[in-house]
Amino acid sequence: MMFPPDTPALRQRRMRRLAATLRLFAELGYDEGAGGHITVRDPERPDCFWINPFGMYFGHVKVSDLLLVGADGQVLGGKGRINPAGFVIHSAVHAARPDVICAVHTHSLYGRAFSTLGRLLDPITQDACAFYGDHTVFDDYTGVVLEEEEGKRIASALGSGKAAILRNHGLLTVGGSVEEAAWWFVAMERSCQVQLTAEAAGKPVLIDHEDAERTRDVIGSPGIGRFNFKPLYEGVLRRHPDLLD
């Protein structure tokens, strides 16, 4: 098996950004009790991923708290339990999408509210265009995701896109890095908030199809996702230097 160059450094980079994302999401109010999970694929063992411990407050998670989970759901590194629903969803997504390094799903306020509509985001702002033609709706809520087949159906609904709206549940975003997946979640949550607000005030004007596609190709690119996350990451590190422990 060929490993990426300097695998330990790459693992550390991914784990640091995962812990920082959890701290950031706590600040933004995206955590809800014990719900919510973020995973990042291990660079040496790509069938395994790192995840936040079940029941631990996002705002307290350090790099040393993260758990390494195998394809069978067993904790291979770290101490703690994993969220059963989190494993079902994330294991299916990582298995179906080898390009996905990180997957994010939390019970954010506006994402949950918008998910009840069972529809896609409209291209009503420049920022929302990042998801134009690149997200889906999983329109089949059947309860808490605890069955393997349910996870596979979510992964299938996601397809090759960067995000999915899970009807009556919330948002799921993915990316080729922690930075991308985390930024897409922040951007999608805010786009849900903007659309709900705009539609409460009136009928939003949609951006034309061609213009929406051109805008998506610019602000919806992986590089822009990584770049937009950079100042958020730097801010979290300054506010929470202990997360690197």
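**Figure 1. Helices H2 and H4 in the lining of the largest pocket.** In this predicted model, helix H2 (84–96) and helix H4 (148–158) each contribute at least two residues to the lining of the largest pocket. The greatest contribution to this lining comes from H2, with six residues.

**Figure 2. Volume and lining residues of the largest pocket.** The volume of the largest pocket is about 280 Å³. Its lining comprises 14 residues, among which Ala71, Phe87, Ser91, Ala92 and Ala95 are the closest to the pocket centre. By class, the lining of the largest pocket consists of seven nonpolar, three polar and four charged residues.

**Figure 3. Packing of helix H1 against helix H7.** Helix H1 (residues 7–28) packs with helix H7 (residues 222–239) at an angle of about 85°, and the two axes are 9 Å apart. H1 is therefore roughly perpendicular to H7. On the H1 side, the contact is made by Arg16, Arg17, Ala20, Thr21, Arg23, Leu24 and Glu27; on the H7 side, Phe229, Leu232, Tyr233, Val236 and Arg239 take part. The contact of H1 with H7 includes six nonpolar, one polar and five charged residues.

**Figure 4. The largest cavity and its lining.** Two cavities of 30 Å³ or more are present in the structure. The largest cavity holds about 60 Å³ of space. Thirteen residues line the largest cavity, and of these Ala34, Gly36, Asn52, Pro53 and Gly55 lie nearest its centre. The lining of the largest cavity is made up of six nonpolar and seven polar residues, with no charged residues.

Note on methods: Residues are numbered from 1 along each chain as its sequence is written. This is a predicted model: local features need pLDDT of at least 70, side-chain atom pairs count only at pLDDT 80 or more; totals for chains, interfaces and linings use all residues. Side-chain values use heavy atoms; hydrogens and water are left out. On a 1 Å grid over the protein atoms alone, a cavity is a set of points where a 1.4 Å probe fits but cannot get out, and a pocket is an open set with protein on both sides within 12 Å along at least five of seven lines; lining residues have an atom within 4 Å of a point. Grid points are joined across faces, edges and corners, and a volume is the space filled by probe spheres set on the points. Ala, Val, Leu, Ile, Met, Phe, Trp, Tyr, Cys and Pro count as nonpolar, Asp, Glu, Lys and Arg as charged, and the others, Gly among them, as polar. Axes are lines fitted to C-alpha atoms, for helices over the stretch in contact, and angles run from 0 to 180 degrees between N-to-C directions. Helices (H or I, at least four residues) and strands (E, at least two) are DSSP runs, numbered from the N terminus. Angles under 35 degrees count as roughly parallel, over 145 as roughly antiparallel, 65 to 115 as roughly perpendicular and the rest as oblique. Contact means heavy atoms within 4.5 Å.
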